[in-house]
Amino acid sequence: MVGDVAETERRPLKDPVDLFHSGQVVKICAPMVRYSKLAFRSLVRRYECDLCYTPMIVAADFVRSAKARDSEFTTNNEDHPLIVQFAAKEAQVLCDAAQIVCPFADGIDLNCGCPQRWAMAEGYGASLINKPELVRDMVRHVRNQIDNPRFSISIKIRIHEDLKRTVDLCRKAEASGVSWITVHGRNVEERHQPVHYDAIKNIKQSMSIPVVANGDIKTLKDAENVHHLTGADGVMVARGLLANPAMFAGYEETPLKCIQDWVSIALEHGTPFTCFHHHLMYMMERITSKQEKKVFNVLSSTSSVLDYLNDHYGV
């Protein structure tokens with residue numbers, strides 16, 4: 001599960017909440033299935049990302065199975081501050097999962113925003129925005145059972161059609177001790193429709209804890225605009241960082257140095273080929289021609305990818 005456990009346990013963990021009091025907008029890498037794993041988190045941290053989330057982990061599987069723990073959660077001493085995101089629907093299961101990661105992470109996040117059908121059918125993700133009492137109980141339970149007061153508990157939500165319901169949910173969560181709330185400014189049905197930044201602004205104005213804005217942030221300029229539009233304390237980015245992991249450092253497109261960094265980090269971490277290659281496909285999307293994509297996207301081994309990068313980019 002974790003490299004060098006003894007070291008990790010001795011290291012004083014950071015309080016991620018402190019980031020929100022720095023006077024700067026907190027720049028956050030979103031939880032992304034398959035993608036926001038240790039190697040990618042290591043890459044974005046080199047380019048001014050302040051806080052990283054793991055991909056969503058189903059808490060019940062994580063608690064039940066050592067195999068799930070080993071495959072779903074890896075970290076190291078540099079991987080901080082780190083938030084582990086869980087899908088859960090029972091307070092004690094979420095607590096048990098939080099207890100397991102507590103020595104190695106800086107906080108957990110309860111996923112109340114995933115709109116995928118399987119997650120909602122299981123009672124996870126965005127189905128929880130309709131169960132504010134359950135969310136409140138889960139947060140309260142974790143607060144009561146984790147001894148470390150610096151361990152954060154956040155939630156990530158989508159909005160309701162009727163924003164009053166969302167504000168009510170957020171207030172209940174705040175009263176139960178949630179550290180901050182991330183708001184994806186779309187409802188459960190919306191996928192590519194414009195993000196409701198006005199809704200995020202409204203929620204921010206109703207809360208006294210930090211609020212993070214999420215949705216359609218592709219560049220550092222977008223991040224600054226969203227901050228001004230909403231007053232949010234942080235911005236969380238998913239696809240924008242996949243396309244350009246150096247985005248938070250102000251690069252308009254992925255610099256070659258960042259591609260070079262990804263190659264060395266991925267090789268060092270033993271990243272599986274498919275994941276290694278997919279990240280490069282995203283990163284090179286804007287800097288390669290259609291013809292080059294045709295060739296690059298069908299490469300099928302690490303050595304052929306390395307040869308291609310060397311021949312075409314001197315990487």
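Predicted model: local features only at pLDDT ≥ 70, side-chain atom pairs only at ≥ 80, totals over all residues.
**Close-up 1. Asp 216 is partly exposed, with a relative accessibility of 30%.** Although Asp 216 is not a glycine, its phi is positive, at about 60°. For background, most residues other than glycine have a negative phi.

**Close-up 2. Glu 48 is another non-glycine residue with a positive phi, here about 65°.** Look for Glu 48 in the loop between helix H2 (38-45) and strand E2 (51-53). Its relative accessibility is 46%, so Glu 48 counts as partly exposed.

**Close-up 3. A cis peptide bond links His 80 to Pro 81.** The omega angle of this bond is near -5°. Pro 81 belongs to the loop that runs between helix H4 (66-72) and strand E4 (82-87).

**Close-up 4. Phe 86, Ile 155 and Ile 181 touch the most other members of the largest nonpolar core, which has 89 residues.** Helix H5 (residues 91-101) supplies the largest share of this core, with seven residues. Because both domain 1 (16-249) and domain 2 (256-313) give residues to the core, it lies between them.

**Close-up 5. Here are the contacts of Phe 86 beyond its neighbours within four places in sequence.** Among them are Met 56, Ile 57, Ala 59 and Phe 62, together with Leu 94, Ala 97, Ala 98 and Val 101. Phe 86 also meets Ile 108, Asp 109, Leu 110 and Asn 111.

Notes. Residues numbered from 1 in each chain as written. Heavy atoms only, no water. Core = buried A, V, L, I, M, F, W, Y, C linked by side-chain atoms within 4.5 Å. Buried < 20%, exposed > 50% of the residue type's maximum accessible area, 1.4 Å probe, protein only. Helix = DSSP H or I, 4+ residues; strand = E, 2+ residues; numbered from the N terminus. Domains from an automatic or database assignment. Contact = heavy atoms within 4.5 Å.
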